[in-house]
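I opened this model today to look up its pockets and its nonpolar surface. My entries follow in the order in which I made them.

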Amino acid sequence: MGQLFSKKNREVFSNPLGMDNPVTVQVLGICSALAVTAKLEPAIVMGLSVTVITAFANVVISLLRKTIPNRIRIIVQLVVVAALVTIVSEILKAFAYDVSVQLSVYVGLIITNCILMGRLEAFAMQNGPWESCLDGIGNGLGYAKILIIVAFFRELLGSGTLLGFNILNHEWLTNIGYVNNGLMLMPPMALIICACIIWYQRARHKELQEK
């Protein structure tokens, strides 16, 4: 048990949540961060979907890594990811159809998400199943963390709601001059919020700043 949660394995899991975040440090998965963060619910679902797919894809590729011919490894990785994305997409349509409609084509585009292909190529092809699983979960949660933060502020300040519940759309707030900011619902605002997160992270951790 101690070996399963060794210091190295804990770092594999925790680094993507902070110092090596796939969105704010590695700058991966930006497109979906713009597309699905106008509301909190689809952002949560997208984050969890990517986490599940990344974890399972990492494990599968790790188990097959010694049998995959080098020249077709990318094709094999795409087939594994595509199969998992299809399963997740069908599950969403069956049990969370409204969210599936909001996510639209972006669930299918998980296949081309740079985070997945990057972790499969850079980590799962060189490490065992357990380490690869931790890496997949860590990177998926790191991605989900940023999506949820961005979606929280965009939905709250843009629509005055969170998960569909009214938070700021009250008469007393309107009477003192508060108005929802429609700009928050536009994709460029996701970039601006991501930039603020990156600024905060690099201001707090000087080692992330380029010299």
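**Pockets and a surface patch**

I began with the second largest pocket, keeping in mind that the model is predicted, and I found its lining to be made by L17, G18, M19, N21, T24, K145, I146, I197, Y200, Q201, R204 and H205. I noted a volume of about 180 Å³ for this second largest pocket. When I sorted its lining by class, I counted five nonpolar, five polar and two charged residues. I then asked which element gives the largest share of this lining; I found that α9 does so, with four residues, and that α7 (129-159) and α9 (187-204) each supply at least two residues.

I listed G29, C31, S32, T112 and N113 as the closest to its centre among the 14 residues that line it. I looked up the classes here as well, and the lining of the largest pocket has 10 nonpolar and four polar residues but no charged ones. The largest share of that lining, three residues, comes from helix α2 (residues 30-35).

My last entry concerns the surface, where I found a nonpolar patch of about 260 Å² made by I72, I75 and V79. I placed I75 in helix α4, which covers residues 73-95. Is I75 buried or exposed? I recorded I75 as exposed, because its relative accessible area is 54% and the cut-off for exposed is over 50%.

Technical notes: Residues are numbered from 1 along each chain as its sequence is written. This is a predicted model: local features need pLDDT of at least 70, side-chain atom pairs count only at pLDDT 80 or more; totals for chains, interfaces and linings use all residues. Side-chain values use heavy atoms; hydrogens and water are left out. Patches are made of residues with over 30% relative accessible area and no salt bridge: like charges are joined within 9 Å, nonpolar side chains (Val, Leu, Ile, Met, Phe, Trp, Tyr) within 5 Å. Accessible areas come from the Shrake-Rupley method with a 1.4 Å probe; for residues, only the protein chains shown count as cover. A salt bridge is a side-chain nitrogen of Lys or Arg within 4 Å of a carboxyl oxygen of Asp or Glu. Buried means under 20% relative accessible area, exposed over 50%, partly exposed in between (1.4 Å probe, protein chains only). On a 1 Å grid over the protein atoms alone, a cavity is a set of points where a 1.4 Å probe fits but cannot get out, and a pocket is an open set with protein on both sides within 12 Å along at least five of seven lines; lining residues have an atom within 4 Å of a point. Ala, Val, Leu, Ile, Met, Phe, Trp, Tyr, Cys and Pro count as nonpolar, Asp, Glu, Lys and Arg as charged, and the others, Gly among them, as polar. Grid points are joined across faces, edges and corners, and a volume is the space filled by probe spheres set on the points.
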